[in-house]
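My entries follow in the order I made them.

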Amino acid sequence: MEAIDSLDDDNVEHLLTHKDDVVGLMKMERRRIDIAGEQRTGRWFPYLDRFKCGDEAYLSSGEVVEALEPHIMESRKERFRNVVPNRSYSVCLVVEGLRKRFGNVSVRGRSRVSVCSCRLLRQLQKVQRHLRYRENRHVSMGAEKWLDIELWDSVQDCFKALKSRGYRIATTHVGMDAVSIYDMDWSYPTAIVVGNESRGISDEALGLSDLHCSIPMNGMVDSFNVSVAAGILMHHAVCDRTSRLGSHGDLTVEERQILLAEFLLRHSKSSISIANEFAKRKIALPTPKL
């Protein structure tokens with residue numbers, strides 16, 4: 001199988017107006033989004049160990065790997081094996097107020113562990129095909145294929161869902177009550193919120209967040225371009241977590257296998273059909289009698 005490298009007809013604007021299409025970007029079944037439930041304890045991991053094939057058949061992550069690995073080049077499989085252990089869902093980037101002129105959004109998406117946006121605002125943790133930014137193709141370098149997305153219609157719903165998953169919410173804001181990002185403990189699950197370049201963070205997001213933070217600056221200008229700020233925030237988060245925990249990646253063995261299956265399913269347009277054929281053969285096998 002060859003990887004998907006060019007998706008000329010797909011773009012972010014389509015996603016922002018077709019929310020249902022976002023669901024199809026992720027392949028393994030996802031955990032239910034709860035905006036009214038109790039706060040979770042421990043880390044959040046979005047996927048279940050199930051891939052639905054047709055109306056009734058399901059494959060586990062182990063079966064997905066068994067079905068797809070023989071069809072993928074060894075160099076690509078090695079890349080997946082190196083990337084998966086370094087993944088984490090403990091840091092989430094939130095982009096508020098994403099609009100039709102996307103500018104440097106693809107730059108922000110490249111190094112993200114995850115991104116969640118409010119009001120046309122997207123949670124990127126690994127996305128596949130519809131996020132090819134037509135105007136920024138040479139900037140994104142295909143990174144959007146491996147990020148997740150969620151769309152939210154309101155800041156309140158987005159923040160409720162994030163808090164139910166155990167995230168504390170830190171909004172970037174230059175104010176007297178803002179703490180330095182260098183004084184924060186990034187080993188704690190954190191959703192970091194950045195605003196768009198014209199309006200910044202909304203008053204609603206500031207009021208609903210758990211804390212305000214800022215990137216210390218000593219020059220004449222007291223703000224960065226939003227994509228630069230996002231890159232600094234996420235890079236520092238990874239460095240701080242590595243310093244405190246020994247590594248940034250914190251997935252369990254089971255979660256790593258599920259994520260590997262997710263990557264394999266996103267790898268190629270033919271991945272889904274190969275998995276479906278594997279499921280059909282599995283169903284056709286006779287059940288052994290005791």
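**Salt bridges.** I searched the whole structure and found 15 salt bridges. I counted a salt bridge where a side-chain nitrogen of Lys or Arg lies within 4 Å of a carboxyl oxygen of Asp or Glu. The model is predicted, so I note the limits: local features need pLDDT of at least 70, side-chain atom pairs count only at pLDDT 80 or more, and totals for chains, interfaces and linings use all residues. Residues are numbered from 1 along each chain as its sequence is written, and side-chain values use heavy atoms, with hydrogens and water left out.

**Around R81.** I looked up R81 next. R81 forms a salt bridge with E78, with the closest N and O atoms 3.2 Å apart. Both residues sit in helix α4 (residues 74–83), 3 residues apart, which is about one turn of the helix. Helices here are DSSP runs of H or I with at least four residues, strands are runs of E with at least two, and both are numbered from the N terminus. R81 also forms a salt bridge with E74, where the closest N and O atoms are 3.3 Å apart.

I then checked exposure. Buried means under 20% relative accessible area, exposed means over 50%, and partly exposed is in between (1.4 Å probe, protein chains only). R81 counts as partly exposed, at 35% relative accessibility. E78 is partly exposed at 37%, and E74 is partly exposed at 49%.

**R266 and D148.** Are these two residues buried or exposed? R266 is buried, with a relative accessible area of 0%. D148 is buried too, also with 0%. Their side chains meet in a salt bridge of 2.7 Å, N to O. The pair links distant parts of the chain, 118 residues apart. R266 is in helix α10 (residues 253–267), and D148 is in the loop between α6 (137–140) and β6 (151–152). I also noted a network of salt bridges that links R30, D148, E262 and R266.

**Strand β7.** Why do I call β7 largely enclosed by the rest of the structure? Because 4 of the 5 residues of this strand (residues 168–172) are buried. I then looked for its partners. Two strands pair if DSSP finds at least two bridges between them. β7 pairs with strand β9 (residues 190–194) in the parallel sense, over 4 bridges. β7 and β10 also run parallel, joined by 3 bridges. A170 stands opposite I192 in β9, and its bridge partner in β10 is L211.

**S209.** I found S209 in the loop between α8 (203–208) and β10. S209 is buried, with a relative accessible area of 12%. Its side chain makes a polar contact with the side chain of H212 at 3.5 Å. A polar contact is a pair of N or O atoms within 3.5 Å; within protein, one must be able to donate a hydrogen and the other to accept it, and residues adjacent in sequence count only if both atoms are side-chain atoms.

**The second largest pocket.** How many residues line the second largest pocket? I get 22, and T172, H173, V174, S223 and F224 lie nearest its centre. α9 (226–245) and β10 (211–214) each supply at least two lining residues. α9 gives the most to the lining, with 3 residues.

Conventions: On a 1 Å grid over the protein atoms alone, a cavity is a set of points where a 1.4 Å probe fits but cannot get out, and a pocket is an open set with protein on both sides within 12 Å along at least five of seven lines; lining residues have an atom within 4 Å of a point.
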